[in-house]
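Have the model open while you read, and click on the residues as they come up.

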Amino acid sequence: MSQFLISRGYPTDERSMVILTDDRQGPFYASGHNILAAMDWLVSEPNTQCFLHYSGHGGQVKDPDGDRDGGYDDTIVPVDYQTKGQLDSDTLHRHLVSKLHPSSSLFVVFDCCHSGSAIELPFVYRTDSDGNVNLVDSVKEGISLLAHAQGLLQGGFSASKINDAKALFAGAQSFFSGLKHRGEHQEEGLGEEHFQEDWAHEGKSVFMFSGCRDDQTSADANIAGSHVGAMSWALLETLYSRPGQSYIEVLQNTRQMLLGRYKQIPQLSVGTVVDLNQPLKF
């Protein structure tokens with residue numbers, strides 16, 4: 001991803017590009033505190049074009065607001081989550097979107113499980129035309145998650161097993177909750193998401209491609225001997241293949257790259273109503 005950004009003219013010095021991983025030290029270690037500090041730094045300056053890529057674990061925690069159909073908020077999982085907790089979608093929105101200077105823009109790629117509304121952007125592009133998982137596959141997926149969760153708890157309890165099982169049960173609940181909406185007719189175009197907070201009034205210039213819907217998991221892939229997120233790989237292949245594509249074309253072509261290989265369906269959401277047929281820029 002960094003090589004792609006360099007090809008697009010992004011500078012590489014640490015005042016301009018910060019990379020956090022689980023094998024770096026100090027402020028570049030991917031702890032919850034460092035992740036939020038880096039996000040605050042990223043969106044702090046006016047008249048700036050910002051880019052954020054997260055490829056890692058995603059989870060879910062109990063929704064305190066009651067505004068999620070499945071009853072859980074999406075999260076990302078820092079390396080110190082067992083002692084410091086996960087970073088939920090409300091927290092991520094406040095650090096990335098609410099703090100973004102009105103004169104700046106932000107392009108986000110979240111390649112992790114349960115990432116469809118990981119930063120609670122108020123508008124999502126909806127379409128029935130390309131690649132929705134069918135009802136039978138969703139039922140099988142939900143049953144599989146429940147079976148794995150129950151299997152974890154057989155043969156003795158431990159804190160890590162209980163936490164893993166909770167995450168799997170949460171995912172299964174989201175799967176089954178989502179089924180009641182699956183047969184409803186959806187118009188193609190931007191649809192408004194409904195959260196406890198009125199995020200739509202912020203009107204921020206934020207675009208997010210996410211690895212999957214809230215009720216799905218995002219896969220790892222092995223490409224040319226390297227372990228990468230499947231959606232990150234598909235997105236980069238799409239962007240390299242044909243410059244000048246619109247936001248919708250990038251979404252559809254990324255989905256097409258994954259079709260037949262993975263079940264996940266990448267999503268596109270935005271901070272304000274905008275023409276997504278315009279060429280993608282970041």
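**Notes on the aromatic rings, cores, helix and sheet**

1. Let's start with Phe51: it is buried, with a relative accessible area of 11%. Buried here means under 20% relative accessible area, exposed means over 50%, and partly exposed is in between (1.4 Å probe, protein chains only). Before going on, a word on the source: this is a predicted model, where local features need pLDDT of at least 70 and side-chain atom pairs count only at pLDDT 80 or more, while totals for chains, interfaces and linings use all residues. Residues are numbered from 1 along each chain as its sequence is written, and side-chain values use heavy atoms, with hydrogens and water left out.

2. How many aromatic pairs does a search of the whole structure find? The search turns up six. Rings of Phe, Tyr and Trp (its six-membered ring) pair if their centres lie within 6.5 Å; planes under 30 degrees apart count as stacked, over 60 as edge-to-face and the rest as tilted. Phe51 and Phe107 make a stacked pair, at 5.8 Å centre to centre with 10° between the planes. Phe51 sits in strand β1 (residues 49-55) and Phe107 in strand β5 (residues 105-111), so this pair ties together parts that are 56 residues apart in sequence. Helices (H or I, at least four residues) and strands (E, at least two) are DSSP runs, numbered from the N terminus. Phe107 is buried too, with a relative accessible area of 2%.

3. Now look at Tyr54 and Phe110, an aromatic pair that is tilted: 5.5 Å centre to centre and 45° between the planes. This pair also links distant parts of the chain, with Tyr54 in β1 and Phe110 in β5, 56 residues apart. Both Tyr54 and Phe110 are buried.

4. Which residues touch the most other members of the largest nonpolar core? Of its 24 residues, they are Phe107, Phe209, Tyr247, Leu276, Leu280 and Phe282. A nonpolar core is a set of buried Ala, Val, Leu, Ile, Met, Phe, Trp, Tyr and Cys residues joined through side-chain atoms within 4.5 Å. Among the elements that give two or more residues to this core are β5, α7 and α8 (247-258). Apart from it lies another core of 23 residues, including Cys50 and Ile76.

5. Nine of the twelve residues are buried, so α7 is largely enclosed by the rest of the structure. Trp233 and Leu236 are among the buried ones.

6. There is an open sheet of three strands, in the order β2-β3-β4, with antiparallel pairing. Two strands pair if DSSP finds at least two bridges between them. The edge strands, β2 (58-62) and β4 (87-88), each pair on one side only. β2 and β3 (residues 72-76) share five bridges.

7. Finally, two residues with a positive phi. Asn47 has phi near 50° and is exposed, at 66% relative accessible area. Glu120 has a phi of about 55°, but Glu120 counts as buried, at 1% relative accessibility.
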